[in-house]
Amino acid sequence: MERLDQPAAAVRIDGARLWDSLMKLAQIGATEKGGVCRLALTDLDRQGRDLFVTWAKEIGCTVRIDAIGNIFARRAGRNDALPPVMTGSHIDTQPTGGKFDGNYGVLAGLEVLRTLNDNHIVTQAPLEVAVWTNEEGSRFVPVMMGSGVYAGAFTLEHALAQKDRDGVSVAEALGGIGYAGKSSAVGKTGDVGAYFEAHIEQGPVLEAHGKTIGVVQGALGQRWYDVTITGMEAHAGPTPMELRRDALLAAAQLIQAVNRIACEHAPHARGTVGWVDNYPNSRNVIPGRVKLSVDLRAADDATLDALNAKLRAECTALSAKGIDVAIEQVVYFPPQPFAPELVDAIRTGAQTLGYSSMDAISGAGHDAVYLARVAPTAMIFVPCKDGISHNEIEDADPAHLEAGCNVLLQAMLQRAGGAA
């Protein structure tokens, strides 16, 4: 890549314009509590997509849509034969979502392109902003569907066949909103020169440390389990404590164990039981069966394997006490480190621009996790108020959003090669 000259390196985005775009997009599906409900492939999603496409075309981008509905807005470079430097995220939300999750990454990318136009900067490689389909997974599963199909994590045919609660398939929904593209939905290694994703942190770490930029090293690997604990329901009065086979008591012990196991592998291990179903769930009946979920996460496979072994050992120990414990792993996402050279570009950009920063790890899944399978990838985090996300009260400081977008601009210019 050619070295940036001073004018390109000194350019800054328009923070007020970025904020205005975020607020305009947030009006589509706005909720009474100040959040957004814009589920994937609904008419509201169509309106959000249409707005993005309109904005992209207004600044001279060409727009293409692939077979899973991913949108790519392309700004030409001096050498369009080079693989594009890409950024992006998603605009679908949770049912009680916020204004910034995903939306910030898309509109930060758009603001980068607008800023380059304002300053008459041409990059060597083309630039693209991607809007990935159904990242949230609120209406259709699997989550991160568009980026997952693009990266080959699952097939296009599988994704198109998935149905929502009303029996509507992804293929039908895409056709219904006019975003069933014809081009291939699968990217190949080398198709993308680099991928950057700017995102609110969705956690409290940056805010707690008073840092503006999170330099994301990678994403935690995940193992999800369904656990069924079977004892024997019995009358709460006549059954002595020592003769009970209380499935809920065993579940409580396992829940405590999940928390302990994760704490033993600090700082990046996570252990969560987020769903519990107790049967028969009657006030005066000893529980006979409990079903629960377990979510284990870690930054590397060795730690994730250790968490898995300890969880299974706890289940075996409970079974030895006369309680039947069945455990089934239902999800595995391997830990995903990000490209060191892109991570360094983000760190250098923050330092050059004078923003405080710290290394961070992504505990959540993002489209970047799948893009990292086919392209050098990195993420930029900015704080969100009180670490709250997937919530209508999700909030972020405009100055932090502007800072993250400025870092994104510099990182993309470094990778794409810019000239004034």
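I began with the domains. The centres of domain 1 and domain 2 lie 36 Å apart, taken over C-alpha atoms. Domain 1 covers 8–219 + 335–416, and domain 2 covers 221–333; such bounds come from an automatic or database domain assignment. I counted the contact next: domain 1 gives 8 residues and domain 2 gives 12 residues, where contact means heavy atoms within 4.5 Å.

This is a predicted model, so I noted the limits: local features need pLDDT of at least 70, side-chain atom pairs count only at pLDDT 80 or more, and totals for chains, interfaces and linings use all residues. Residues are numbered from 1 along each chain as its sequence is written, and side-chain values use heavy atoms, with hydrogens and water left out.

Then I took the area. Between domain 1 and domain 2 about 670 Å² is buried (the accessible area, 1.4 Å probe, that two parts lose on being put together, summed over both). Carbon and sulfur atoms give 64% of that area.

Next came a helix pair. Helix α11 (residues 340–353) and helix α13 (residues 398–416) have axes that come within 9 Å and cross at roughly 125°. Helices here are DSSP runs of H or I, at least four residues, and strands are runs of E, at least two, numbered from the N terminus. Axes are lines fitted to C-alpha atoms, for helices over the stretch in contact, and angles run from 0 to 180 degrees between N-to-C directions. The two helices are therefore oblique to each other (under 35 degrees is roughly parallel, over 145 roughly antiparallel, 65 to 115 roughly perpendicular, the rest oblique). From α11, the contact includes Glu341, Leu342 and Ala345. From α13, the contact includes Asn406, Val407 and Arg415.

Last, I went through the backbone. Most residues other than glycine have a negative phi, and most peptide bonds are trans. I looked for exceptions. The bond from alanine 266 to proline 267 is cis, with omega near 5°. Proline 267 sits in the loop between α9 (247–263) and β10 (270–272). The bond from tyrosine 279 to proline 280 is also cis, with omega near 5°. I placed proline 280 in the loop between β11 (276–279) and β12 (285–286). Leucine 41 has a positive phi, near 65°. I found leucine 41 in the loop between α2 (15–26) and α3 (43–58).
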